[in-house]
Amino acid sequence: MRSIMRPMSVARVALNAVATHGGAMPGGATNFETSGAAFLGGVRAAWLSVFAYVLFGTYIGIGALAHDFNFSLLWATLSTVLVWAGPAQVILISALGAGSSLIEVAVAVGLSGVRLLPMVVSLLPRLKAPQTRARDLVLPAHFTAVSMWVESMRLIPGIAVERRVAFVNGIASGYMMSALLATVIGYYLAARLPNLLTAGLLFLTPMSFLVSITRNSVLLVDRLALVLGLVIGPALAYAAVDLDILWAGIAGGTLAYVGHRIREALR
Amino acid sequence: MNALAGELWPYLLLVLVGYLPNEIWRALGFFAARGLDEGSEWLVWVRAVATAVLAAVIAKLTIFAPGALAGVPLALRLVAVGCGVAGFYATRRSVFVGVLTGEIVLIGGAYLLSL
């Protein structure tokens, strides 16, 4: 497993984790005494990361959008808890509000959610300790979103394996609290938000996704996948190919993986 | 009765066309992950696909921008993204500085163009 991480980055992650939470185990993993402590450690990590603030801005925009399309405040906050994916919520609110057919809305939301599948598949196996039950992984699966996935993948190498579920639940809860508060604030601010600010709030999602995924892409295979996705995605969208995001992901990811295997073979 | 149904209708829609079509991917991921352990070679490929999907989403949100962001010219959006990434590298990979730089360029640029 370690062979796919550069020694430098493992050391750096472990060092960060120790600096943030104190108390290193011999293996270099942070040792939280209880699951509760690991959960709070996750909440703390969430609020120390830029995503808590990026989500806050993004969900101000989503709260305002829900208000503009005449959804209730309860509906807006429930959508944040249940859907828990910014792009899907923007599509859901604007498409329902614009009176699109229900099938169309469901398909558009479903297409935007494709990215969650490989994220869940790559995250859950890393949370499993010998005593972890399948039902312990239900909540982390629902909590999986870009923000939570990026921070979890970065920080869990430094967390003892039996505390990882609690830790990532803490990260996601910290983010969700930020998003819920912002949904409510955005809902009430709605009419007073200038256009320029709304554009800036919508820009937060692509800008923060790009910079944080760049930070997380330390290995050749991830860097290749990032660049290929950035190129293939818009090309397919421009050519109006159906399921453009899905195909860009499979093609870009597979090409990057082939590149990684070729380099391994040449070593 | 009808009034109650009318009030509950938006919540039913939220579940049927919002929650379920999105959550299905998490559920599929949950079951697909069951047989895999942390060291599996498959995970390298799955993570590469996840990264490429995310990159495609980023590019699409920037180029085919939604709502008020579409009012900002494409060239300015791309320049802002470039400046954000440059700011990130210039400050020893600070995500915060990267995002802030991109936002300042986007909003500042749009303001100067008096949009």
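**Entry 1: charges across the contact**

I started with salt bridges between chain B and chain A and got three. This is a predicted model, so I'm keeping in mind that side-chain atom pairs count only at pLDDT 80 or more. Then I looked up polar contacts: 18 residue pairs between chain B and chain A, with both partners at pLDDT 80 or more.

**Entry 2: who supplies chain B's side**

Next I asked myself which helices of chain B supply the side that touches chain A. H1 (2–32), H2 (42–63), H3 (74–90) and H4 (95–112) each give at least two residues. H2(B) has the largest share, with 21 residues. I sorted that side of chain B by class and wrote down 49 nonpolar, ten polar and eleven charged residues.

**Entry 3: extent of the contact**

I counted residues on both sides: 89 from chain A and 70 from chain B. The two chains bury about 7,000 Å² between them, and carbon and sulfur atoms carry 78% of that. On the chain B side, the residues losing the most area to chain A are Arg26(B), Glu38(B) and Arg47(B), which together make up 11% of what that side buries.

**Entry 4: the largest pocket**

I moved on to open space. The largest pocket comes out at about 1,100 Å³, and I find 48 residues lining it. Which of them lie nearest the centre? I noted Pro87(A), Val90(A), Ile91(A), Leu61(B) and Pro66(B).

For helices, H2 of chain B turns up again, giving at least two residues to the lining. From chain A, H3 (50–68), H5 (86–97), H6 (102–112), H9 (146–155), H11 (195–216) and H13 (244–266) each do likewise. H3(A) supplies the largest share, ten residues. By class I logged the lining as 33 nonpolar, eleven polar and four charged residues.

Conventions. Residues numbered from 1 in each chain as written. Chains lettered and ligands numbered in written order. Heavy atoms only, no water. Contact = heavy atoms within 4.5 Å. Buried area = accessible area lost by both parts, 1.4 Å probe. Salt bridge = Lys/Arg side-chain N within 4 Å of Asp/Glu carboxyl O. Polar contact = N/O pair within 3.5 Å; in protein donor to acceptor, adjacent residues only side chain to side chain. Helix = DSSP H or I, 4+ residues; strand = E, 2+ residues; numbered from the N terminus. Nonpolar A, V, L, I, M, F, W, Y, C, P; charged D, E, K, R; others polar. 1 Å grid on protein atoms, 1.4 Å probe; cavity = no way out; pocket = protein on both sides within 12 Å on 5 of 7 lines; lining within 4 Å. Points joined across faces, edges and corners; volume = space filled by probe spheres on them.
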